[in-house]
Amino acid sequence: MRVGVPSDEPRRVCSAPRLAAIADGCATALPELALHAMPIDIVIAARNEQATIYDTLAALAAQVCPEPFRVIVSTNGCTDGTADVVRRACRELANERCTIELVDRPDPGKTGALNAAEQRISSPGVRIFLDADIRLSPNAVAALAAAVAGPAPRIAAPRKTLRPGKSWLVDFCSRCWLYLPWVQDDVLGGGALAVNAAGRARWQEFPKVVADDTFAAMQFAPEERIVVRECTTAIRFPNSVKDMLRAQRRWVDGGRQLEASPHRPPYGPAWSGKRRLRAMLNPIVFAAALVVRCQRIAARLFSRPPQAAGWSPPR
């Protein structure tokens with residue numbers, strides 16, 4: 001879904017011919033990526049994701065990628081069978097291109113889980129941080145690795161798509177959010193971020209914050225962020241309005257916590273406030289932004305604050 005909003009600023013997207021070829025499944029694109037010979041590690045923090053983690057790992061095992069890659073799943077404080085599902089995936093899904101490892105931590109906390117997984121990575125290369133309930137298109141790992149290849153710091157994310165849920169109202173609000181051009185044109189919000197070695201060197205360990213994805217993305221200037229439109233991430237939103245508001249409050253409060261913390265990143269959103277106002281001259285964009293704004297007000301009024309350490313995803 002695209003919005004025809006005029007802009008005087010260039011879009012930060014990656015649509016090079018080699019990525020288009022990868023997206024089309026063209027084998028001629030694969031040797032070019034193989035020349036980089038860069039290690040690829042995928043890091044997933046998972047807490048109480050028994051219902052979703054296997055499908056996420058199955059989508060990774062089915063990737064068409066010329067380079068082998070490793071998936072490290074770091075469970076943290078799970079009270080369900082997430083770790084057992086990951087162990088089963090290690091046996092059933094791993095292949096010559098995709099290896100899967102488990103780090104099972106008793107303590108809850110997503111950033112602690114990310115740090116524990118990264119301790120297993122010894123060589124620099126491409127690092128992809130993936131939410132546990134995200135499905136990548138079959139070309140995503142190769143396309144993201146190609147997008148961030150090179151010595152300059154880069155961060156990349158796939159184009160965002162939606163997986164239909166059980167609530168028509170949640171789906172409607174989610175589509176309004178996705179319709180906003182500043183959502184589609186930034187790397188945040190899709191549950192998948194790829195960085196190269198120079199980009200990952202911008203910070204040490206993840207600090208104890210709720211908005212870990214915002215912390216990572218905003219280590220990069222807007223021109224260093226790449227949306228790879230040739231691959232997709234399928235986002236699964238909550239199944240009820242109550243859980244949607246809870247997740248929305250977690251998002252907003254997490255951003256405010258990061259702004260007020262000593263770990264505040266050096267850069268801000270890709271779209272300035274003035275640019276967003278210009279975009280809202282389009283009545284459809286204005287209506288979508290109004291729905292999203294009302295949703296955030298409702299989240300503040302009717303949802304409890306999140307708990308940074310022990311939060312688990314709403315279902």
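The charged end of R275 sits over the ring of W271, at 3.8 Å from the ring centre. A charge counts as over a ring if NZ of Lys or CZ of Arg is within 6 Å of the ring centre and within 35 degrees of the ring normal. R88 also lies over an aromatic face, that of Y54, 4.4 Å from the ring centre. The model is predicted: local features need pLDDT of at least 70, side-chain atom pairs count only at pLDDT 80 or more, and totals for chains, interfaces and linings use all residues. Residues are numbered from 1 along each chain as its sequence is written, and side-chain values use heavy atoms, with hydrogens and water left out.

Seven aromatic pairs were found in a search of the whole structure. Rings of Phe, Tyr and Trp (its six-membered ring) pair if their centres lie within 6.5 Å; planes under 30 degrees apart are stacked, over 60 edge-to-face, and the rest tilted. For W177 and F237, the ring centres are 5.7 Å apart and the planes lie at 65°, so this pair is edge-to-face. The pair links distant parts of the chain, 60 residues apart. W177 belongs to helix α7 (residues 168–179), and F237 to the loop between β9 (225–236) and α11 (241–260). Helices (H or I, at least four residues) and strands (E, at least two) are DSSP runs numbered from the N terminus. Both W177 and F237 are buried, meaning under 20% relative accessible area; exposed is over 50% and partly exposed in between (1.4 Å probe, protein chains only). One aromatic cluster is formed by F129, W203, F206 and F215.

Elements giving two or more residues to the lining are α5 (110–118), β5 (126–131), β8 (192–195) and α10 (212–217).

F69 is in strand β3 (residues 69–76). This residue is buried, with a relative accessible area of 4%. F69 touches I40, I42, L60, Q63, R97, C98, T99 and V141, not counting residues up to four places away in sequence; contact means heavy atoms within 4.5 Å. F69 and R97 are 28 residues apart in sequence and 6.2 Å apart in space, C-alpha to C-alpha.
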